[in-house]
Amino acid sequence: IRPEQWQKQIIKEMNKLKKICSRVFILGSSFGGNLAFDYASKHRTAGIVTVGAPILWRKSTLRKVPYYIAKNVKIFQKKKYDYTKVREEIIKKKIQYLNIPLITLGRVLKFTKKSKKELNNIACPVLIMQSKLDAVVSRDTPEYIFNSIRSKIKKIVWFDKAYHVIIIDDTVRKKAFKEVTDFFIHTSKRR
């Protein structure tokens with residue numbers, strides 16, 4: 001699937017929701033956060049919640065080089081993570097792609113670059129959630145997003161004991177959902 005296909009589907013679904021709801025927020029986990037920023041840079045939305053959005057990648061320069069070398073050699077690229085800082089039970093429960101098609105990786109990297117440039121168009125409320133143990137997204141990402149968006153209402157929430165996919169990690173899921181619910185309530189009161 002191409003990012004353009006996701007974009008079209010998001011527009012279609014958001015339009016359906018806007019017909020029946022007075023306020024619609026968009027939540028994106030991982031690459032979904034990039035798609036949420038892209039949508040909100042062009043369309044009105046009540047707010048954005050991002051969960052581990054890869055605006056800046058860990059060791060970003062090193063991750064891109066193998067892609068450009070390998071793209072003509074093989075179809076799949078095995079992902080490599082530094083798990084030395086991640087608790088063993090988180091590793092066992094991780095839900096992620098261990099392999100990613102190189103063509104998809106290239107599209108994700110290209111779209112990530114695009115969504116990074118669109119951040120200054122974001123003026124709606126934004127909740128940025130990030131794990132300190134994320135082996136995919138750079139720890140500098142939340143601060144980068146926070147400083148790049150024009151939103152007056154914005155907040156960063158860090159999770160100490162979670163992995164990249166915070167919202168399904170049993171150790172922090174309740175805290176994550178509470179943060180999201182509080183964000184919705186808080187921004188709705190400020191209308």
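Which residues of helix 2 are buried? They are Phe31, Gly33, Asn34, Leu35, Ala36, Phe37, Asp38, Tyr39, Ala40 and Ser41. The model discussed here is a predicted one. The protein has 7 helices and 6 strands, and from the N terminus on these elements run α-β-α-β-α-β-α-β-α-β-α-β-α.

**Overall build**

- The protein has 191 residues, and buried residues make up 45% of them.
- Among the contacts in the protein with a separation of 6 or more, 70% are between residues 24 or more positions apart.
- The accessible surface of the protein comes to about 11300 Å². Carbon and sulfur atoms account for 57% of that surface.

**Helix 1**

- Helix 1 covers residues 3-20. With 18 residues at 1.5 Å a residue, helix 1 should span 26 Å, and its end C-alpha atoms are 26 Å apart, which agrees.
- Pro3, Gln7, Ile10 and Met14 are buried in helix 1. These residues cover an arc of only 60° around the axis, so they are on the same side of helix 1.
- The face of helix 1 turned away from the buried side carries exposed residues, namely Lys8, Lys19 and Ile20.
- The buried residues of helix 1 pack against three elements: strand 1 (25-29), helix 2 and helix 5.

**Helix 2**

- Helix 2 covers residues 31-42. Its 12 residues should span 16 Å at 1.5 Å a residue, and the end C-alpha atoms of helix 2 are 18 Å apart, which agrees.

- Ser30 is found in the loop between strand 1 and helix 2.
- The phi angle of Ser30 is positive, about 55°, although Ser30 is not a glycine.
- Ser30 counts as partly exposed, with a relative accessibility of 21%. The cut-off for buried is under 20%, so Ser30 does not count as buried.

**Salt bridges**

- The structure holds 8 salt bridges. As a general point, side chains of opposite charge can pair when their charged atoms come close.
- One of the salt bridges joins the side chains of Lys16 and Glu13, with an N to O distance of 3.6 Å. Lys16 and Glu13 are 3 residues apart in helix 1, which means that about one helical turn separates them.
- Both partners of that pair are partly exposed: Lys16 has a relative accessible area of 44%, and Glu13 is at 32%.
- Another salt bridge joins Lys42 and Glu118, whose closest N and O atoms are 2.9 Å apart. Lys42 lies in helix 2 and Glu118 in helix 5 (residues 102-118), so the pair ties together parts that are 76 residues apart in sequence.
- Glu118 also forms a salt bridge with Lys114, and the closest N and O atoms are 2.9 Å apart. Glu118 and Lys114 are 4 residues apart in helix 5, so about one helical turn separates them.
- Glu118 counts as buried at 10% relative accessibility, whereas Lys114 counts as partly exposed at 33%.
- Asp38, Lys42, Lys114 and Glu118 are linked in a network of salt bridges. Asp38 is also one of the buried residues of helix 2.

**Cysteines**

- The structure holds 0 disulfides.
- Cys21 is partly exposed, with a relative accessible area of 32%.
- Cys124 counts as buried, at 13% relative accessibility.

Methods: Residues are numbered from 1 along each chain as its sequence is written. This is a predicted model: local features need pLDDT of at least 70, side-chain atom pairs count only at pLDDT 80 or more; totals for chains, interfaces and linings use all residues. Side-chain values use heavy atoms; hydrogens and water are left out. A salt bridge is a side-chain nitrogen of Lys or Arg within 4 Å of a carboxyl oxygen of Asp or Glu. Helices (H or I, at least four residues) and strands (E, at least two) are DSSP runs, numbered from the N terminus. Buried means under 20% relative accessible area, exposed over 50%, partly exposed in between (1.4 Å probe, protein chains only). The expected span of a helix is 1.5 Å times one less than its number of residues. The arc is that of the directions from the helix axis to the C-beta atoms. Contact means heavy atoms within 4.5 Å. A disulfide is a pair of cysteine sulfur atoms within 2.5 Å. Accessible areas come from the Shrake-Rupley method with a 1.4 Å probe; for residues, only the protein chains shown count as cover.
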